Amino acid sequence: MIQIEGLSFRYPGAKHDVIRELSLRIRQGSLFGLLGPNGSGKTTLISILTGLLPLLSGKISIDGKTLPGQLQDIQAGSALVPQEYAFYPRLSIMENLLFFGGVLAIPAYELRGRLTAALAVAGLESFESVRAEHLSGGLKRRLNLAIGLLNRPQLLFLDEPTVGIDPQSRHFILEAVKRINARGTTVVYTTHYMEEAEMLCDEIGVLDDGRLLACGTQEQLLNNTHSRELMVTLTTAPTVQQSGILNTIPGLEIINRELRMAHCTEADLKHLMKLLAAERLDICRLKYGYRNLEELFLQMTGRQLRN
Amino acid sequence: MPLFALVTKEWKLLLRDWHALLLLFAMPAVFILVMSLALQNKFAEQQGVNIHYYLVNKDGSPASEALVKRLSAIKDFKILSSDASASELIDQVRDDRAQFMVRIPPGFGKAMQNTEPLPVQMLAGPGVEPAMYMLFEAALRAALVRVYLQYALAPLKTQVSDITSAGHTGLNLDATDKLLHAQSLYQVDGRSRRPSSVQQNVPAWLVFAMFFIAIPLSTTWVQERQQGTYARLRSMGLSAKDLLLGKLLPYLGINLLQVGLMLVVGILVVPWFGGQRLTLGHAPLALTLMALALSFASVAYALLIANLVSTGEQATIFTGVANLLMAAVGGIMVPRFLMPPVMQTLSQFSPMAWGLEGFLDVFLRQGGLEAVAPQALRLFGFGLACLALAGLRLAKQRGKA
């Protein structure tokens, strides 16, 4: 389990903290999605957890081991897959894996097995002799992932592992991450793609401006908003008289043929259906339910552009 | 194990990078070859100093004829013949088409008998270097003094012979040639020789070229940092020491190979192109120690630069300018003895000067281990200081990852 308490971090020379009094728990075996706009502090948080940045204030323990004293033990059991293609383009896939295996000091008798397993998970068996510089974007992402699996980590940090690749490669990587997690590896997954987080993650934390805005399962997060949204498109726009009748429902907005309710209970929905039937207004399209993660994310973090 | 992996990786990467190989090996080899041949043409003792000048004799006396004869006998200076007028010849010299013009005025021989002799006029072109000016002036003065002794003091010769013992004139002018015995302390096989320009210049340009390893090393380092590879390696538990050693060892090997290659060029390739052969001296251990010390210093310096810059462009520009400054101060471009005292003091702090002095000890002064030890120690000290600073910088960068 990762336990973070009161974590703050400021880069040397900066005026403001990038992480502010952040407390968070990530349970063992979880596939935790860390969401946040650019500059929200996701990569900084991962860098602190992996020992790339120093722990300046607050407490962090990972599986009972604390930072910074037990950094080496933590690093031995974890792996980081950075956002960049963090390998050597002029080396082949196998040479890259052998190099990183050497850096990790994997014993010779285990190395072959580890390489085979990493190649299999990433689906790279038939490309092992190809130089990394000649690989497609998808294969490069898969090599990036494979290197992260060499030390059989109990905790895997994936920093936007599907950026810039085609849907097939993305699907492959997401399935691989699911399998890795299913074997018991805790995965901390940062992404901008909300549908990935919805599909993969059992728990989600929303980070913005260095603060944790929300954390929990998807259901908890979506239910916490207490809102089911209603959107109705009519075949014809209601008359002024009909609009007056519909407006008796509190919170209903009418814009031409569109009817919208940000917070709509089941009773409101039933009442609206009755009124539409009575007024003989036909429905062209109807959408009712919880907001999706993207809506929730935008609601929490705001819609203004980030740097 | 991690170190072995790091070193092996570095070698594999280099062997697959033709641009880096060219920069690391072909460029220094070509550089040494070109510099040796270019300087050979300028200074080589067999080919002469190559000074061209006009000699105008407006006096027909035996004294002026004797002066012309003496000047014509100097092999290093070539007299140009021309039918042009004196003013046209002056224009030629002003345009640097000839370096000097020497004009013997009418009445030169006759005036020699007087108390006020008529001076010979020496005009130098604007492009003549000060050293060349002094050299030509000294040669002209020497010839003039000989002629003066011969003709102005001729009447004394008879008088002196009257008061000296029989058969002994006391004014044997040919004896002046025997007043000086010049010899170089440079020796080859125990015999005194004048060192060739190759012998004097290869060490300087060898030192200069060795420090350029900072460019490929620092650009590779910057690339790895930008690609996120270093972040990954550090997240795998590699320390700053591992990362520095992982670069230091392979590049130390490359730098030593560069030294070997450049020496081979001096020994084998330069003679093929008509230059003089480089000789390695008689102290292989001292040469090895100097090569090791200089390689260590230059690679450690490269690692420091790699950790100071943020981009490949910065690395290239910084290394180029810093190396030129070190070379200028260190006596690579201008010999230290020609520098003013302040610059000579300053040059004692240039690692290139330490390397150069050490190599000159081996190549020219027959120095052994004892002679090069102080320079080698300075270079090792400089290298250690650079490594320590690079390590500190690397540790500090951890706070900015």
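Me: What is the strand order in the open sheet of chain B?
Reply: The order is β2-β1-β3-β4 (chain B), four strands with mixed pairing. Strands are DSSP runs of E, at least two residues, and helices are runs of H or I, at least four; both are numbered from the N terminus. This is a predicted model: local features need pLDDT of at least 70, side-chain atom pairs need 80 or more, and totals for chains, interfaces and linings use all residues. Residues are numbered from 1 along each chain as its sequence is written, chains are lettered from A and ligands numbered from 1 in the order written.

Me: Why do β2 and β4 of chain B stand at the edges?
Reply: β2 (77-80) and β4 (121-124) of chain B each have a single partner strand, so one side of each lacks a neighbour in the sheet. On average, neighbouring strands of this sheet are turned by 25 degrees against each other, direction ignored.

Me: How do you know that β1 and β3 of chain B pair?
Reply: Pairing takes at least two DSSP bridges between two strands. β1 (residues 51-57) and β3 (residues 100-104) of chain B have five, in the parallel sense, so they pair. Tyr54(B) has Met101(B) in β3(B) as its bridge partner.

Me: Which helices lie on these strands?
Reply: Helix α4 (residues 86-94) of chain B lies across β1, β3 and β4 of chain B, at about 155 degrees to β3(B). Helix α6 (residues 130-151) of chain B touches β1, β2, β3 and β4 of chain B, and makes about 165 degrees with β4(B). Angles run from 0 to 180 degrees between N-to-C directions, with axes fitted to C-alpha atoms, for helices over the stretch in contact.

Me: Why is Tyr85(A) called partly exposed, and what does it touch?
Reply: Buried needs 20 or more other C-beta atoms within 10 Å, exposed 12 or fewer, partly exposed lies in between; C-beta atoms are placed from the backbone. Tyr85(A) has 18, so it counts as partly exposed. Tyr85(A) sits in the loop between β6 (78-81) and α3 (93-103) of chain A. Beyond four places in sequence, Tyr85(A) touches Lys140(A), Asn144(A) and Gln227(B); contact means C-beta atoms within 7 Å.

Me: Where is confidence lowest in chain B, by helix, and where highest?
Reply: Helix α7 (residues 154-163) of chain B is lowest, at a mean of 62; helix α12 (residues 284-308) of chain B is highest, at 94. That is pLDDT, the predictor's confidence in each residue, from 0 to 100. Chain B averages 83. Residues 42-47 of chain B stay under 50. Where pLDDT is low, predicted coordinates should not be read in detail.

How values were computed. Contact = placed C-beta atoms within 7 Å.
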